[in-house]
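Thank you for sending this model for comment. My notes are set out below the structure, and I would ask you to read each point with the coordinates open.

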Amino acid sequence: MKTLLVTGGAGFIGSNFVRRMLAEHPECEIVNVDALTYAGNLENLLDVDSARYHFERADIRDRERVEAIFDKYEPDTVVNFAAESHVDRSITEPELFLTTNILGTQVLLDAAKRRWKLYPDDKYSREFKAGVRYLQVSTDEVYGALGKTGLFTESTPLAPNSPYSASKASADMMVRAYHSTYGMPVNITRCSNNYGPYQFPEKLIPLMINNCLNDKPLPVYGDGMQIRDWLHVADHCAAIDAVLTRGEAGEVYNIGGNNEMANIDIVKLILRALGKSEDLIVYVQDRPGHDRRYAIDNTKITSLLGWSPAYTFEGGMKETIAWYLDNRAWMEHIVSGAYMEYCRSMYSL
Ligand code: NAD
Ligand code: TYD
């Protein structure tokens, strides 16, 4: 890995990944391509100060811009985090999810193919430059919902239920097709729900922490008994790094920490940690099409690539809650919209 192009690096997982890769790969240049949507926040990267880090504000759907960025930096590795990522928003605005998550992925695949194919004019050639790799960051949500038992393996059929997960599944199919048709060296990772620092407060854990701190109601969807398999964001980033360095081209890897929790138990854990009353909980109307349970079988990545999670949920949540307490200005800038002003002032948006 000489030049790593990360898309969506100003978001939650992408910013944690940029930080990790700068620290773990001192030989590597990193180009962060991000459109700075509402979810992109340059304050997530304020502490990143390295001559090896480059930021390009660009939309992955903009073919001309993306090709120009590939020509400028000549990346050998691409990790695509850029996406519309919130299920609730996908229910009200599905089209945006289709254009960013599917068409944006295809633009990136094309730009990589254009630079990486050894004989670009030969339609039948499947030879790519040595050492190149495209990694698509996907989600366990593409597999749909589980009943009370069972786990998602890499061969579980895709059965997405929300416009978000349907768009992610479609993008996965395009990545698979570029491997099958053109021979492009790709990987797809499918991770379970992440938590940790810099998560946008529309997602369960930071939203509940923020509401708790402000004595606002905690909206629990339905009966609160939906189950997610929570993983600390640093463990997700380490798993992607393991796939980039040791993964086999063309393979899918599930990522999860064997940590199933019901939403209501997480909400109560946060209330206890912050010394607040359960009276703040408000049960609200359920999300339409709400998946009941997700759980990952991580045997493939643990046994073949030697990755395993470093965090326990208890330790990870303690550290995460402490982070949000220590970084209240970060949260306040999001709630007030001031982070957008910062991005505008940095890049004259
Ligand atoms: P996020 O919403 O915090 O960040 C998304 C980033 O992508 C933002 O910085 C945004 O500005 C950028 N972006 C959006 N549209 C863009 C476009 N058209 N062009 C360029 N940049 C654009 O999301 P996240 O939670 O960090 O998730 C990152 C990736 O990981 C997503 O692909 C998501 O599907 C996947 N994922 C997330 C989780 C999770 O629990 N958060 C779990 C599994 C997989
Ligand atoms: P979320 O963080 O949106 O992630 P995802 O939908 O991708 O799993 O939600 C996690 C779970 O928490 C999900 O079952 C929906 C639920 N939830 C609530 O009960 N209340 C909320 O306010 C939010 C945002 C989520």
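1. Basis of the values. This is a predicted model, in which local features need pLDDT of at least 70 and side-chain atom pairs count only at pLDDT 80 or more, while totals for chains, interfaces and linings use all residues. Side-chain values use heavy atoms, with hydrogens and water left out, residues are numbered from 1 along each chain as its sequence is written, and chains are lettered from A and ligands numbered from 1 in the order in which they are written.

2. The chain as a whole. The chain has 12 helices and 13 strands, these being DSSP runs numbered from the N terminus (H or I of at least four residues for helices, E of at least two for strands). Its radius of gyration, 20 Å, is close to the 20 Å that the globule rule gives for 349 residues, so the chain is as compact as a globular protein of that length; the radius is taken over C-alpha atoms, and the rule is 2.2 Å times the number of residues to the power 0.38. The C-alpha trace spans about 65 × 50 × 35 Å along its principal axes. Of the 349 residues, 55% count as buried, where buried means under 20% relative accessible area, exposed over 50%, and partly exposed in between (1.4 Å probe, protein chains only).

3. Surroundings of ligand 1. Ligand 1 is surrounded by 30 residues, of which the closest are Ile13, Asp34, Ser85, Tyr164 and Lys168; a residue is near a molecule if one of its heavy atoms lies within 4 Å of it. Helix H1 (12–24), strand S5 (133–139) and helix H5 (163–182) each supply at least two residues of this shell, and S5 gives the most, with 3 residues. By class the shell has 14 nonpolar, 11 polar and 5 charged residues, with Ala, Val, Leu, Ile, Met, Phe, Trp, Tyr, Cys and Pro counted as nonpolar, Asp, Glu, Lys and Arg as charged, and the others, Gly among them, as polar.

4. Polar atoms at ligand 1. Oxygen atoms of ligand 1 lie 2.5 Å from a polar side-chain atom of Asp34, 2.6 Å from an N or O atom in the side chain of Tyr164 and 2.7 Å from such an atom in Ser85. Taken alone, ligand 1 exposes 830 Å², and the protein buries 96% of that; the areas come from the Shrake-Rupley method with a 1.4 Å probe.

5. The site of ligand 2. Around ligand 2 there are 17 residues, the closest being Glu141, Pro219, Arg228, Arg287 and His290, and helix H6 (204–213) and strand S8 (218–221) each supply at least two residues of the shell. This shell has 7 nonpolar, 5 polar and 5 charged residues. A polar side-chain atom of His290 lies 2.7 Å from an oxygen atom of the ligand, and for Asn193 the corresponding distance is 2.9 Å. The protein covers 96% of the 510 Å² of accessible area that ligand 2 has on its own.

6. Cysteines. The structure holds 0 disulfides, a disulfide being a pair of cysteine sulfur atoms within 2.5 Å. The sulfur of Cys191 has its closest cysteine sulfur in Cys237, 9.1 Å away, which is too far for a bond. Cys191 counts as buried at 3% relative accessibility, and Cys237 counts as buried at 1%.

Terms used. Polar contact = N/O pair within 3.5 Å; in protein donor to acceptor, adjacent residues only side chain to side chain.
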